[in-house]
Amino acid sequence: MMVTLQIKTSEAWRDVLSFDEERAAEIISGLSALAGILGESASWCFLYEDGRRRWLDQILTLAEFPGWQDVTPDLPGPLQDVMVSVYNPGDDEPLTFMAYRKVAGSDEFYISGSTNDERVKGVYAWGPLMMPAARNDFEQAAA
């Protein structure tokens, strides 16, 4: 069965990605870092094909984010996945992505995991990735 991960950051739910139900634990594990950064400003759910929703508030481990740092020529290093804070004129508020840069000193960042080198514009700060929640935490919460 296909499942859609959704986020609500203001008044509307937005689709983030769709995946096979068997990958739910993997998706939650990867999501915990981003959820920790966004905190209570975002709500998360799984939307199933039959219309059921599974609210993720109770099962995400929201690790404390160590803080944002300015982008410098040396940091973050090349080919290092990090969280980036992005602002583009016309946006209501900054956005957060997982990204990397290919070359030290470059101001060009690319979305991590993208297969087509999708560039992220407007990066002004970065922070380290956090460790994902242990898989048994998810299994215990789901039981």
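Contact, as the word is used here, means heavy atoms within 4.5 Å.

## Basis of the model

This is a predicted model, in which local features need pLDDT of at least 70 and side-chain atom pairs count only at pLDDT 80 or more, while totals for chains, interfaces and linings use all residues. Residues are numbered from 1 along each chain as its sequence is written, and side-chain values use heavy atoms, with hydrogens and water left out.

## Ser41 in its loop

Ser41 touches Lys8 and Thr9, when residues up to four places away in sequence are not counted. Ser41 sits in the loop between helix 1 (24-38) and strand 3 (43-48), where helices (H or I, at least four residues) and strands (E, at least two) are DSSP runs numbered from the N terminus. Although Ser41 and Lys8 are 33 residues apart in sequence, their C-alpha atoms are 8.5 Å apart in space.

With a relative accessible area of 47%, Ser41 is partly exposed; buried means under 20%, exposed over 50%, and partly exposed in between, with a 1.4 Å probe and protein chains only.

An open sheet of 4 strands has the order 2-1-3-4, with antiparallel pairing, and two strands pair if DSSP finds at least two bridges between them. Strand 2 (13-20) and strand 4 (53-55) stand at the edges with a single partner strand each, so one side of each is left without a neighbour in the sheet.

Within this sheet, strand 1 (residues 2-8) and strand 3 run antiparallel and are joined by 6 bridges. Gln6 has Cys45 in strand 3 as its bridge partner.

## Thr4 in strand 1

Thr4, which lies in strand 1, counts as buried at 15% relative accessibility. Its side chain makes a polar contact with the side chain of Ser18 at 3.1 Å; such a contact is a pair of N or O atoms within 3.5 Å, and within protein one must be able to donate a hydrogen and the other to accept it, while residues adjacent in sequence count only if both atoms are side-chain atoms. Beyond four places in sequence, the residues that Thr4 touches include Asp15, Leu17, Cys45 and Phe46.

## Arg101 between strands 7 and 8

Arg101 is found in the loop between strand 7 (95-100) and strand 8 (109-111). A polar atom of the Arg101 side chain lies 2.6 Å from the backbone oxygen of Thr72, and the side chain of Arg101 also reaches the backbone oxygen of Pro76 at 2.9 Å.
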